[in-house]
Amino acid sequence: MDYTNQIREIATKLFAEGKIDVFVGYRTTGFDGNQVPVLINGPGEADRLVFTDQSVFNLVNYLKHEHTRRKRVGLVVKGCDSRSLNLLLTEGQVKRENLYVVGIACEGVVDEKGEKLQNCTECVVPDPVVADVVLTPAGIRAGTPAPAVPKPYNVNPDVEKLLALPLAERTEYFEEIFESCIRCNACRHSCPLCYCAKCCIDQETATLYHGANTTSSAFHALVTWSLHLAGRCVDCRNCEKACPRGLPLHLLHKQNEQVIYRNFQEHLAGVVEGDRGAFYKYSLRDPDDFIM
Amino acid sequence: MARVGVFVCFCGANIADYVDVPQVVEEVKKIREVKYAVEYKYMCSDPGQQMIRDAIVNNRLTSVVVAACSPRMHEKTFRKALSDAGMNPYLLEVANIREHSSWVHQKDKKAATEKAMDLCRMAVAKSIANEQLFEISVPVTKRALVIGGGIAGIQAALDIADARIPVVLVEKSPSIGGKMAQLDETFPTLDCSQCILTPKMVDVASHPFIELIPYSEVLELQGFVGNYKAKIRKKASYVNFKTCTGCGACWQKCPVKVPNEYNMGLDKRRAIYTPFPQAVPNKPVIDAEHCTMLQKGKCGICAKVCQPGAIDYTMQDEVIEREIGAVVVATGYDLWDPKPYEEYGVGRFKDIITSLEFERMVSANGPTNGVPVRPSDGKVPKNVVFIKCIGSRDEAKGIEYCSKICCMYTTKHTILLHHKVHDSHSYVFYMDIRAAGKGYEEFVHKAQVDTHATYLRGRVSKIYKKGDKLMVRGEDAQIGQVVEVEADLVVLATAVTSPHDNPELARLLGISYDKHGFLSEAHPKLRPVETAKAGIFLAGCTQAPKDIPETVAQASACAAKVCGLFAGDTLKKDPMISTVNTEFCSGCQNCVNVCPYGAIVTDEVPFGHGSKEMRTVAKINEGVCQGCGSCVAICRSMAINLAGFTDPQIINEIVSI
Amino acid sequence: MEATTDQLVSIEKPAITAPPDWEPVIIGILCNWCSYAGSDLTGTSRLQYPPNIRIIRVPCSSRVDPWFLVKSLQTTADGVLVSGCHPGDCHYISGNYYARRRFLVTKNLLNFLGFHEDRVQFSWVSAAEGPKFAKVVAKVTEDVKKLGPLHLYKKENFSK
Amino acid sequence: MKKLTYFPGCSAHGTSEEFDSTLKLVLKTLDVELEDIPDWNCCGATSAHVMTENLAYALPLRNLVLAEKLPHTTMGIACASCYQRMKVTKVHMDENPELAAKINSTIVEEGHYQGKVDVKSMLQYAYEDIGLEAIRSKVTSPLTGLKVACYYGCLLTRPKKITQFDSPEFPMSMDRICEALGATATEFDYKTECCGASFSISNTEVVESLSGKILEMAQESGAHAIVVACPLCQSNLDMRQPDIEKKSGRKYGIPVFYFTQLMALAFGHPREKLKFPKHIVPVEGALSNIGKAEPAPEKIKKPTKAVEAESEVE
């Protein structure tokens with residue numbers, strides 16, 4: 001999977017035609033072929049852009065930044081990224097007409113060791129659900145993609161393993177995680193769907209009875225955060241990549257996603273245009289047996 | 001710093017017997033913010049309220065906690081006391097130490113006292129976060145919608161319209177009049193139903209403040225008290241009412257015969273028809289289901305004979321909208337189908353009929369011109385058995401409630417039978433005679449004397465055929481013996497049930513109904529005409545079985561309620577509704593999506609102070625918001641809060657236990 | 001998915017930490033129209049139930065933000081009960097349907113993170129179900145009593 | 001070949017021997033094999049349930065438990081009273097597992113009740129499981145001309161909650177079977193009236209009065225014979241008929257058949273096998289109507305309102 005040339009061409013063309021002000025893509029760092037996001041402002045910088053199976057980050061996160069907010073933006077998205085973009089569009093955070101979306105028919109990205117990432121092995125919607133042009137192994141396909149048909153759902157083995165543990169062991173496992181958290185909030189900043197003006201966990205009412213940097217504040221913050229992403233999280237795992245303590249944050253999101261998928265008509269976040277997430281609708285057939 | 005006053009009520013012995021009230025007061029005094037705490041025998045009494053008023057002034061209190069009964073009981077009383085003392089009434093909190101402590105922990109005074117202390121602490125903590133709130137005024141559309149054109153709907157519409165308030169009267173069938181139009185004479189005065197009803201029907205049609213929409217149904221009701229918007233479907237009548245003169249040529253010539261609903265199927269009407277001669281409006285409609293022109297495209301006779309050319313086979317259903325401020329629901333009742341009484345041979349024996357069928361027969365404009373006959377052979381019956389409580393008071397086969405009117409109309413039927421067939425004899429099987437009402441007992445007594453009807457107290461167990469007679473076997477419980485009556489005709493007083501489409505109607509209006517399908521009043525005793533939804537009222541049998549005088553009384557009560565609602569130019573509204581902090585709102589519009597009332601809209605505000613760039617935020621429509629808090633809980637950035645139940649208030653309660 | 005109740009009970013042993021006179025604190029968040037009215041009816045009917053519950057009134061179960069539950073467990077409560085109108089009976093038309101979704105996910109998440117499933121319970125209690133309310137409270141109290149005091153993620157000041 | 005667990009009951013080898021033997025004949029023709037419950041016991045009849053509830057459940061439950069050891073899923077019962085006791089027990093046990101466990105503990109040596117065998121009266125079995133088509137197909141000598149009043153008695157269809165079969169007050173299953181055999185079912189309103197039942201011995205007068213009314217109504221309906229599915233009904237209506245005639249001064253002469261006897265007759269089994277000599281009221285008079293040509297029999301009509309509801313065009 002290497003679309004470097006195509007993306008450079010597209011970016012150059014877009015700048016030349018005056019369609020965009022800024023292009024968000026990936027560049028190499030020079031170390032181990034690692035890549036980081038890059039914002040380029042003109043055709044002259046287009047040769048900095050790359051795209052390989054090491055282009056792991058979800059660039060949609062950069063749409064909430066000051067550099068892009070009031071501008072026309074070109075953007076590279078993979079399947080999962082496009083789902084989060086779909087949600088941002090539905091929630092009115094970005095305007096479609098200001099975007100030129102370069103979709104990638106994603107075959108999965110890899111970590112430093114060259115192994116396919118876990119979320120890519122579990123991916124149900126590899127093709128972008130929203131794009132102006134889609135880059136596929138067969139060539140460039142223009143136009144908005146057809147509605148995505150999700151592949152069979154895969155349960156997350158880590159979540160399943162934990163669920164199989166006795167409650168006390170699970171308690172211990174997570175206590176350690178919440179103890180390790182340093183409340184740096186990098187997870188939140190890296191999340192494309194966290195765009196609130198002031199996050200609820202920083203507001204006075206929420207912090208009042210916690211103190212700042214304690215296990216219990218970490219528990220409160222992460223649980224609340226994951227519930228705000230429940231039914232919206234697209235499993236791009238930007239948060240996990242951003243976490244300086246390397247905490248397995250995907251566990252919280254995957255647990256919620258699985259409960260939602262199983263109970264609420266196989267709901268998957270951001271796949272359908274206009275869908276706001278599982279908590280913003282309901283069905284009369286929702287499970288009721290857990291309620292006395 | 002907050003200055004809270006706490007007032008703990010003994011409620012006579014109700015609280016004091018199970019909670020150590022003085023100890024609660026002592027404990028509450030330890031809270032830093034509590035500047036005044038006192039106990040009293042009856043806080044809700046005048047001296048009790050005076051204590052609160054005095055304490056507010058003397059101690060410069062900033063909020064008040066009353067520990068007493070449930071806030072659902074006396075919250076309003078104490079709020080009033082606060083405002084009388086010049087304090088904002090919403091600075092009150094009630095700690096429910098009666099229903100939630102003294103009454104439910106009567107065996108453990110220590111635990112009940114501790115719990116009462118906690119409940120007081122929670123209320124104090126919450127009250128510290130209380131804010132001043134002010135009643136909201138919303139504009140009101142002064143037009144009422146009346147659903148159902150029976151006597152209840154007619155009465156309500158006329159009374160409201162007489163107060164010069166416009167009324168929209170929606171009736172499902174082609175004519176107003178309802179069940180009362182099918183009756184012959186009415187108890188207990190035996191005045192002719194048509195004679196007293198038809199003038200009212202004509203009044204409805206000619207009243208300048210009533211818009212009569214017959215042959216139509218309410219499809220949708222949106223909005224809130226004072227500001228509803230109703231969608232009404234006018235069914236295609238295939239007759240242009242504007243040009244139709246009501247001459248009747250069409251239905252005289254129509255070749256299709258259909259069982260006549262007005263006469264309980266005892267005779268036939270045509271496919272184009274007016275339901276009965278005195279119908280209002282007196283314009284025919286085409287029954288599309290049976291019209292051969294509309295079904296098969298063959299016929300067209302009515303169009304040919306219609307001089308003004310009023311017939312229009314291409315007519316379609318039409319949906320119209322009306323803005324209204326209040327609704328009166330008067331959809332009447334259905335009659336219970338007696339099929340489960342198989343031991344009576346219901347369905348097998350033609351000479352077993354229901355009371356309404358009997359009513360049509362003895363009616364002067366009925367299918368038999370007022371003479372009761374046996375459906376099997378057309379002979380005039382001599383011995384008629386009336387059986388009461390068919391379906392009523394019968395949990396096994398029917399429903400457990402009493403239908404209330406059957407005792408009286410059966411008595412009336414014995415009289416009518418006696419009038420029409422002089423040598424006839426009535427037998428009445430009854431469980432009890434329930435004749436509670438003005439002149440009712442006298443009516444029953446007089447009927448028994450005049451008609452010499454045989455009253456048999458007991459249930460009928462079996463009806464079988466012997467020759468062309470029906471043998472009715474039952475128990476006469478007063479002599480303790482089984483009796484058999486040889487009957488020519490058996491009349492079943494079938495139960496009154498709710499209209500079968502009430503649940504559907506209730507759902508679209510957003511009101512509730514009971515397990516029998518009757519619409520629920522807000523309070524069985526004190527608010528019998530209101531529903532739980534503000535601005536929607538109930539009249540007549542749609543709420544519960546009742547007779548004509550009661551129905552009319554309830555309809556007039558509805559009218560009074562509607563007029564009262566429309567008395568001012570605005571409605572006062574509880575201020576406990578959602579508010580948006582636009583600073584934190586990110587404009588995701590999820591709240592717009594979940595609000596069940598459509599009370600949230602979007603607004604544009606500048607990005608920053610003086611900025612020309614705009615961003616989208618949520619905005620609450622104060623008049624529409626009902627204060628459920630759905631939007632608050634789904635708002636991720638905590639930009640919405642619900643006045644009276646804010647996050648700080650609830651968190652204060654949680655942490656202060 | 002989850003271990004059986006028997007297994008779970010044996011893991012959180014109350015005997016180790018609970019002082020003999022320990023009584024659990026249950027926070028009950030009730031909707032105003034059905035469950036709070038139902039709890040009032042329990043009172044007017046003089047039906048007795050354990051005194052451990054502390055009731056908070058909210059207009060509708062949909063007002064209950066999941067972090068109220070988190071906050072309750074972290075501060076004063078050993079168990080939480082949330083109760084609303086039966087499906088279809090919501091005074092605000094659809095509030096309890098939204099609430100039901102959030103409750104299911106929240107309950108599962110808290111259980112996943114190590115809270116026993118009995119610590120957070122839900123019920124539908126109508127305004128007419130006074131006896132049911134008493135039963136529900138008795139059950140929740142009984143369940144939480146078995147589990148013992150909750151220390152997990154408690155802020156020190158609140159650990160009783 | 002269908003197979004069926006069979007509970008004969010005590011009367012099958014005594015007063016209602018003709019029911020039992022003709023039932024077996026008929027089922028053989030219809031290709032159904034009966035297998036008796038090994039070591040079956042009394043159902044408790046009318047006595048047990050007025051004495052103690054536990055005994056009234058335990059006796060039938062033992063039969064139900066034993067029946068579960070056979071491989072068949074349905075238990076057929078000839079006697080209406082046995083059927084009633086068995087079905088009541090089954091329904092109550094299935095509804096209330098705690099009660100089932102309690103009662104089961106008293107007969108635990110026989111096994112554990114699982115509720116897997118369905119209980120049906122032979123009438124219900126013939127109507128539902130065999131079906132009218134199969135019955136009609138086996139008819140070789142139709143009973144054309146014979147008018148019968150079908151009498152169900154009190155136990156076969158009532159209470160509805162227990163029996164879950166046919167209409168409780170105006171059943172028609174036996175009428176339909178008789179019509180399938182070629183006979184005519186008369187419009188008979190006394191289908192489910194009480195015959196006096198076991199008062200036959202203790203208070204004969206009651207039985208004579210109640211059964212008398214049934215005979216009277218049957219005669220008025222124009223029936224040549226009464227058809228029953230209950231041994232006690234048969235014995236009351238047949239055996240007491242001469243006394244009833246004597247007391248009322250009315251002549252009936254209406255023989256009372258088990259529906260299986262008529263089935264056997266229509267299936268072409270020889271009359272000698274049908275045990276007609278066991279009847280008190282002679283059967284020949286009634287049976288002589290078979291084959292007599294008569295105008296098309298008037299069928300019992302369903303309510304005419306359904307017909308009227310359709311529109312008609314002039």
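This is a predicted model: local features need pLDDT of at least 70, side-chain atom pairs count only at pLDDT 80 or more; totals for chains, interfaces and linings use all residues.
Reader: Let's start with chain C. How many helices and strands does chain C have?

Author: Chain C has 6 helices and 4 strands. Along the sequence they come in the order α-α-β-α-β-α-β-α-β-α.

Reader: And how much of chain C counts as buried?

Author: Chain C has 160 residues, and 68% of them count as buried. Its accessible surface is about 4900 Å², with 56% of that belonging to carbon and sulfur atoms.

Reader: What share of the contacts in chain C comes from residues 24 or more positions apart?

Author: Take the contacts in chain C with a separation of 6 or more: 84% of them are between residues 24 or more positions apart.

Reader: Now salt bridges. What lets two side chains pair up like that?

Author: The general idea is that side chains of opposite charge can pair when their charged atoms come close. Here the cut-off is a Lys or Arg side-chain nitrogen within 4 Å of a carboxyl oxygen of Asp or Glu. Over all chains, the structure holds 83 salt bridges.

Reader: Give me one to look at. Which residue does A:Lys281 meet in a salt bridge?

Author: Its partner is A:Asp275, with an N to O distance of 2.8 Å.

Reader: What about C:Arg57, which residue does it form a salt bridge with?

Author: C:Arg57 pairs with B:Glu75, and the closest N and O atoms are 3.0 Å apart. This pair crosses between chains, running from strand S2 (residues 53–58) of chain C to helix H4 (residues 71–84) of chain B.

Reader: Are C:Arg57 and B:Glu75 buried or exposed?

Author: Buried means under 20% relative accessible area. C:Arg57 is at 15%, so it counts as buried. B:Glu75 is at 13%, so it counts as buried too.

Reader: Back within chain C, where do C:Glu23 and C:Lys145 lie?

Author: Their side chains meet in a salt bridge, 3.5 Å from N to O. C:Glu23 lies in the loop between helix H2 (14–17) and strand S1 (26–31), and C:Lys145 is in helix H6 (residues 130–147), so the pair ties together parts that are 122 residues apart in sequence. C:Glu23 is partly exposed at 44% relative accessibility, and C:Lys145 is partly exposed at 35%.

Reader: Salt bridges can also link up, I guess. Which residues are linked in a network?

Author: Have a look at A:Glu122, A:Asp235, A:Arg237, A:Lys254 and A:Glu257, which are linked in a network of salt bridges.

Conventions
Residues are numbered from 1 along each chain as its sequence is written. Chains are lettered from A and ligands numbered from 1 in the order in which they are written. Side-chain values use heavy atoms; hydrogens and water are left out. Helices (H or I, at least four residues) and strands (E, at least two) are DSSP runs, numbered from the N terminus. Buried means under 20% relative accessible area, exposed over 50%, partly exposed in between (1.4 Å probe, protein chains only). Contact means heavy atoms within 4.5 Å. Accessible areas come from the Shrake-Rupley method with a 1.4 Å probe; for residues, only the protein chains shown count as cover.
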